[in-house]
Amino acid sequence: HYFTLIYQLSSEDIITGLCFSADSKRFFDLRGSYCKVWEPNALLRLLDLDERGSEIDAEVGSVQGSNSPSEAWAASPSLITALAARPQGDAFCVGNNTGRVEIYDLKSHTRLSVEEALADMSIDTLVWSENGSHFAYSDGETIIVKAINDKPGWSCSTMLDVEMDPN
């Protein structure tokens with residue numbers, strides 16, 4: 001088996017985290033204090049080739065030479081400290097160093113503010129359940145689990161809010 005470079009990402013910033021969407025059509029990177037969402041055409045073309053099966057070997061070379069990625073980012077970057085993609089690939093959740101947690105809907109390009117911490121505590125961990133119906137996050141002192149309702153629109157409710165014993 002041979003590996004072929006289908007996409008190359010360069011940055012002056014140090015990339016501290018990468019995460020693929022469940023459908024492999026996007027990936028997210030954490031660079032310093034902000035997040036970028038990438039939807040490289042090379043990955044989309046490779047997925048199309050993959051679906052066509054035997055045509056892959058003949059066409060992989062053409063995928064290499066024509067990488068035209070699209071890129072999206074916030075106008076004023078948030079100080080993102082945690083990132084998790086929903087397994088369904090339709091949303092991702094971010095947490096920042098002030099305790100804010102938000103869900104970004106990739107289909108409608110909308111944002112839902114889930115939590116704004118009372119204390120300036122950085123969100124250290126974010127994780128989705130396998131079926132995407134819940135997600136949990138922590139600031140190192142508290143664990144919060146939210147249930148997600150994505151029809152109609154996005155909403156969430158707190159299922160668990162536990163302060164950890166410092167001992």
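This is a predicted model: local features need pLDDT of at least 70, side-chain atom pairs count only at pLDDT 80 or more; totals for chains, interfaces and linings use all residues.

Mentor: Residues are numbered from 1 along each chain as its sequence is written, and side-chain values use heavy atoms, with hydrogens and water left out.

Trainee: What percentage of the 167 residues in the chain is buried?

Mentor: Buried means under 20% relative accessible area, exposed over 50%, and partly exposed in between, with a 1.4 Å probe and protein chains only. Of the 167 residues in the chain, the buried ones make up 36%.

Trainee: Why is strand E5 largely enclosed by the rest of the structure?

Mentor: Strand E5 covers residues 80-85. It is largely enclosed because the buried residues number five of the six.

Trainee: Which residue of E6 is the bridge partner of alanine 84?

Mentor: Two strands pair if DSSP finds at least two bridges between them. E5 and strand E6 (residues 91-96) run antiparallel and are joined by five bridges. In the hairpin of these two strands, five residues lie between them, and glycine 89 takes a positive phi near 80°. The partner of alanine 84 in E6 is cysteine 93.

Trainee: Which residues touch the most other members of the largest nonpolar core?

Mentor: A nonpolar core is a set of buried Ala, Val, Leu, Ile, Met, Phe, Trp, Tyr and Cys residues joined through side-chain atoms within 4.5 Å. The largest one has 15 residues. Two or more residues each come from E5, E6, strand E7 (100-105), strand E9 (125-128), strand E10 (134-138) and strand E11 (142-149). The members that touch the most others are Cys93, Val101, Ile103, Leu126, Trp128, Phe135 and Tyr137.

Trainee: How many residues are in the other core that lies apart from it?

Mentor: Val37, Leu83, Ala85 and Phe92 are among the members of this other core. Its residues number 11.

Trainee: Is arginine 26 buried or exposed, and what is its relative accessible area?

Mentor: Arginine 26 sits in the loop between strand E1 (15-20) and strand E2 (27-31). Contact means heavy atoms within 4.5 Å; leaving aside neighbours within four places in sequence, arginine 26 is in contact with Cys19, Phe20, Ser21, Val37, Trp38, Glu39, Gly89 and Leu106. Arginine 26 is buried, and its relative accessible area is 17%.

Trainee: How far apart in space are valine 114 and glutamate 102, C-alpha to C-alpha?

Mentor: Valine 114 belongs to strand E8 (residues 110-116) and is buried, with a relative accessible area of 12%. Its contacts, leaving aside neighbours within four places in sequence, include Val101, Glu102 and Ile103. Valine 114 and glutamate 102 are 12 residues apart in sequence, and their separation in space is 5.2 Å.

Trainee: Which strand gives the largest share of the nonpolar patch?

Mentor: Patches are made of residues with over 30% relative accessible area and no salt bridge; like charges are joined within 9 Å and nonpolar side chains (Val, Leu, Ile, Met, Phe, Trp, Tyr) within 5 Å. Ile143, Met159, Leu160, Val162 and Met164 make this patch of about 400 Å², the areas coming from the Shrake-Rupley method with a 1.4 Å probe, where for residues only the protein chains shown count as cover. Methionine 164, in the segment after E12, is partly exposed at 35% relative accessible area. The largest share, three residues, comes from strand E12 (residues 155-163).

Trainee: Which residue forms a salt bridge with arginine 86?

Mentor: A salt bridge is a side-chain nitrogen of Lys or Arg within 4 Å of a carboxyl oxygen of Asp or Glu, and the structure holds three. Arginine 86 is buried, with a relative accessible area of 6%. At 2.9 Å between the closest N and O atoms, its partner is aspartate 90.

Trainee: Which residues do salt bridges that share partners join into one network?

Mentor: Glutamate 102, buried at 5% relative accessible area, forms a salt bridge with arginine 100, with the closest N and O atoms 3.7 Å apart. Glutamate 102 also forms a salt bridge with arginine 111, with the closest N and O atoms 3.8 Å apart. Arginine 100 is partly exposed at 28% relative accessibility, whereas arginine 111 is exposed at 55%. The network consists of Arg100, Glu102 and Arg111.

Methods
Helices (H or I, at least four residues) and strands (E, at least two) are DSSP runs, numbered from the N terminus.
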